[in-house]
Amino acid sequence: MLCLPSSSAFRPADPAARGAMASQQQRQSFPHASTAARGMLSFSSAVPSGPADPAAQQQDFRMREFDYFVVVDFEATCEKDSRIYPQEIIEFPAVLVDAATGGLLSSFRTYVKPRHHPVLTAFCSELTGIQQEQVDGGVDLATALALHDKWLAAAGVAKNRLAIVTWGDWDCRTMLKFECNFKNISKPSYFNQWVNLRIPFETAFGAGRRNLQEAVREAGLQWDGRLHCGLDDARNTARLLVELMRRGVRISITGSLVPPPLPEPEPEPEPEPELQHQRRCGDHTRTNARTILLRLWELDADMSFLPLGGLIAGHLDSIASSALRLASYYSLIHTHGVHA
């Protein structure tokens, strides 16, 4: 069974083609738009009520954190009641969403040929609807990432103004990261942070265990397509994203592979005057002890001070309190020319 969409709003790529890309779709706009507070998203209606105000448009641009959302939902090799190692992506879908209007602009999909387990299990095909001939005609993961990047570029998407959106953290934190590391593949940096849509969804509807299909229905939407078909899942996630945006829910980054910056070291407080005096005295005493040790070695031509010198060298920081006694001993030797 082919993993095909059931929504007429999208024209999917040919599943058998490599690196298939969906053509640009007519921009969909969503009514009942609400202008959100700073850092939140706003919508525009399909028919503007009057001429656009450039100043208002510029302010709206500054308020938006992103220009686009890219919704992804990978499918991977799997087996019933057991784990496949290494697990590999076999379907790479994405849906492009306009962050200003909520329009679903276009979609992308390519099938990926697994390297380590090239033959799909019966369970995997039944679960995802992906057939063996589709992955046999697929591309490797590195090529899939490059095709996805070209699709974004063709749509005019600035890479620093987009956010990846997923349902859960598995797609970016686990699956894509693991496979890229395992196969030594460099992935685009925009995959290093993402929006786990579960989090803003729970902000609006409350915490609880629910899968994507249940969340879509709870939001008052009708599920469209086949569950566990990657492209259909990504489309339904995109529709849920837009519904949350319409409700005024803040959409921001929730997960990241980039370690947070280290805090600036706090300056050490100035020590108390008495402590400063003790430190200076200690440094002066240690300097005197080292000077005495070197002088003892210079005076002792027959090496009779070597045992004492070794002892002093090994415990130099612990003999500061003996500096005066060593100084007296050095003065006696220097005055009388006596060897111990």
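Author: One cut-off comes first. A residue is buried under 20% relative accessible area, exposed over 50%, and partly exposed in between. Histidine 228 has a relative accessible area of 30%, so histidine 228 is partly exposed. Keep in mind that this is a predicted model.

Now the rings. The count comes to eleven aromatic pairs. One of them joins tyrosine 85 and phenylalanine 182. Their planes stand at 80°, and the centres are 6.1 Å apart. That pair is edge-to-face, because its angle is over 60 degrees.

Where do tyrosine 85 and phenylalanine 182 sit in the chain? Tyrosine 85 is in the loop between strand S2 (75–76) and strand S3 (89–98). Phenylalanine 182 is in helix H5, residues 170–183.

Phenylalanine 182 comes to 37%, which makes it partly exposed.

Phenylalanine 182 also pairs with phenylalanine 178. Here the centres are 5.7 Å apart and the planes 25° apart. That pair is stacked, because its angle is under 30 degrees. Both phenylalanines lie in helix H5. They are four residues apart, about one turn of the helix. Phenylalanine 178 has 30% relative accessibility and counts as partly exposed.

Elsewhere, ring pairs link a cluster. Its members are Phe74, Phe92, Phe108, Trp151, Tyr190 and Phe191.

Most residues other than glycine have a negative phi, and most peptide bonds are trans. The peptide bond from tyrosine 85 to proline 86 is cis, with omega near -5°. Proline 86 belongs to the loop between S2 and S3. Tyrosine 85 therefore takes part in the edge-to-face pair and also in this cis bond.

Aspartate 81 is in the loop between S2 and S3 as well. Aspartate 81 is not a glycine, yet its phi is positive, about 60°. At 76% relative accessibility, aspartate 81 counts as exposed.

Histidine 228 gives another positive phi in a residue other than glycine, near 75°. Histidine 228 is found in the loop between helix H7 (212–218) and helix H8 (230–246).

Methods
Residues are numbered from 1 along each chain as its sequence is written. This is a predicted model: local features need pLDDT of at least 70, side-chain atom pairs count only at pLDDT 80 or more; totals for chains, interfaces and linings use all residues. Side-chain values use heavy atoms; hydrogens and water are left out. Rings of Phe, Tyr and Trp (its six-membered ring) pair if their centres lie within 6.5 Å; planes under 30 degrees apart count as stacked, over 60 as edge-to-face and the rest as tilted. Helices (H or I, at least four residues) and strands (E, at least two) are DSSP runs, numbered from the N terminus. Buried means under 20% relative accessible area, exposed over 50%, partly exposed in between (1.4 Å probe, protein chains only).
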